[in-house]
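Please read them with the coordinates open.

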Amino acid sequence: MKNAIVTGSSKGLGRSVAQALAAEGYRVWMSSRNADDLAKAKQEIEASCPGSVETQVMDFGDMNMVQAYAEKILVECETIDVLVNNVGIYIPDQLTDVGNAFQQQMGVNFYGPYTLTQQLLGRFTEQKHGHIFNVCSVVNRNPRVEAASYTISKFAFWGYHQLLHKTLLPLGVKVTGFFPGSINTASWDGMEAPKDDFVQPEDMAEMIVTILNMKRGTVPSEIDLASINPDY
Ligand SMILES: NC(=O)c1ccc[n+]([C@@H]2O[C@H](COP(=O)([O-])OP(=O)(O)OC[C@H]3O[C@@H](n4cnc5c(N)ncnc54)[C@H](OP(=O)(O)O)[C@@H]3O)[C@@H](O)[C@H]2O)c1
């Protein structure tokens with residue numbers, strides 16, 4: 001069975017991607033902090049794809065946990081075929097604010113995915129195949145003053161994405177970045193917003209499946225996805 005690691009996957013985009021990859025026959029490695037949400041997602045996906053899901057309760061802001069998770073994956077997976085660096089948090093702030101939103105978002109949005117990927121990199125280079133997807137953001141194209149720390153953390157991640165792409169391409173490992181506008185996910189729960197106008201997570205999940213099914217020579221490097229509403 002091929003292995004797909006999808007981070008931050010009990011809800012939102014990660015949940016949709018996990019579902020789509022399980023339907024494609026992958027063993028999907030799902031992770032998040034909340035054990036109940038994760039168990040529920042596993043149960044729902046396995047209702048149509050029995051035995052397809054492995055779960056890990058963990059915090060991507062805790063590098064010891066990330067390291068331990070990488071070690072577990074390396075032991076339990078003969079090959080790592082897909083890694084979707086999806087986990088991310090959004091805490092609005094401005095450069096003039098004082099608080100810990102910067103440390104929190106640099107941790108979960110950059111150091112966590114960076115640490116996991118670096119730990120798994122040797123396996124990808126040995127295999128000489130596999131596909132890494134990095135979920136960046138529209139803020140990489142248009143920095144957002146009212147989401148300063150988020151923007152900086154996504155820029156750090158984007159820099160890493162570009163280096164990964166250039167480093168791994170000659171080794172036969174594909175790296176694709178997504179740059180979505182607002183996505184209709186749980187992160188908008190409780191907010192008044194025109195969610196039908198947003199990018200829909202199922203569409204992004206289907207795009208990942210389409211990209212995985214492309215011929216060996218084709219590597220989409222960066223994909224922008226605008227929502228139809230210019231205010232989002
Ligand atoms: N939604 C948007 O409008 C939008 C737009 C552009 C880009 N993005 C990016 O798209 C990605 C997915 O966003 P989303 O909207 O799908 O998020 P979401 O609906 O809030 O879901 C986030 C998932 O990650 C998990 N998670 C959050 N913090 C975690 C942590 N510290 N450790 C482990 N798991 C954690 C959550 O579960 P727990 O809370 O239980 O841990 C949940 O499963 C993110 O990288 C985000 O920056 C989102």
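**Notes on the predicted model**

1. Gly14 is buried, having 26 other C-beta atoms within 10 Å. The cut-offs used throughout are 20 or more other C-beta atoms within 10 Å for buried, 12 or fewer for exposed, and partly exposed in between, with C-beta atoms placed from the backbone. Gly14 belongs to helix H1. Leaving out residues up to four places away in sequence, Gly14 touches Val6, Thr7, Gly8, Ser9 and Asn86; contact here is C-beta atoms, placed from the backbone, within 7 Å.

2. Residues are numbered from 1 along each chain as its sequence is written. Helices (H or I, at least four residues) and strands (E, at least two) are DSSP runs numbered from the N terminus.

3. Around the ligand there are 30 residues, of which Gly8, Gly12, Arg33, Asn34 and Gly88 come nearest; a residue is counted if its C-beta atom, placed from the backbone, lies within 6 Å of the molecule. Helix H1 (12-23) and strand E2 (27-32) each give at least two residues to this shell, and the largest share, three residues, is from H1. The shell divides into eleven nonpolar, 15 polar and four charged residues. In that count, Ala, Val, Leu, Ile, Met, Phe, Trp, Tyr, Cys and Pro are nonpolar, Asp, Glu, Lys and Arg are charged, and the others, Gly among them, are polar.

4. The largest nonpolar core contains 56 residues, and those with the most contacts inside it are Ile5, Val6, Val17, Leu21 and Val28. The largest share of this core, seven residues, is supplied by helix H5 (residues 148-168). Such a core is a set of buried Ala, Val, Leu, Ile, Met, Phe, Trp, Tyr and Cys residues joined through C-beta atoms within 7 Å. Ile5 touches Trp29, Ile73, Ile80, Val82, Leu83 and Val84, residues up to four places away in sequence not being counted.

5. Helix H2 (residues 35-48) has 14 residues and reaches 21 Å from first C-alpha to last, close to the expected 20 Å. The expected span is 1.5 Å times one less than the number of residues. Leu38, Ala41, Lys42 and Ile45 are buried in H2. These residues are on the same side of H2, because they cover an arc of only 100 degrees around the axis, the arc being that of the directions from the helix axis to the C-beta atoms. They pack against H1, E2 and strand E3 (53-57). The face of H2 turned away from the buried side carries exposed Asp36, Gln43 and Ala47.

6. Ser48, also in H2, is exposed, with 10 other C-beta atoms within 10 Å. Ser48 and Ala23 are 25 residues apart in sequence, and their C-alpha atoms are 7.8 Å apart.

7. In H3 (residues 63-76), the 14 residues should span 20 Å, and the end C-alpha atoms are 20 Å apart, which agrees. Val66, Tyr69 and Ile73 are buried in H3. Their arc around the axis is only 65 degrees, so they lie on the same side of H3. The cover over these buried residues includes strand E1 (3-6), E2, E3 and H4. Exposed Asn64, Glu71 and Val75 are on the face of H3 turned away from the buried side.

8. Which residues of H6 are buried? They are Pro201, Met204, Ala205 and Ile208. These fall within an arc of 100 degrees seen down the axis of H6, so they line one face of the helix. They pack against H1, E5, strand E6 (174-180) and strand E7 (222-225).

9. Lys128 deserves a look. Its phi is near 60 degrees, a positive value in a residue other than glycine. Most residues other than glycine have a negative phi. Lys128 is in the loop between helix H4 (101-127) and strand E5 (131-135) and is exposed, with 10 other C-beta atoms within 10 Å.

Notes:
Predicted model: local features only at pLDDT ≥ 70, side-chain atom pairs only at ≥ 80, totals over all residues. Contact = placed C-beta atoms within 7 Å.
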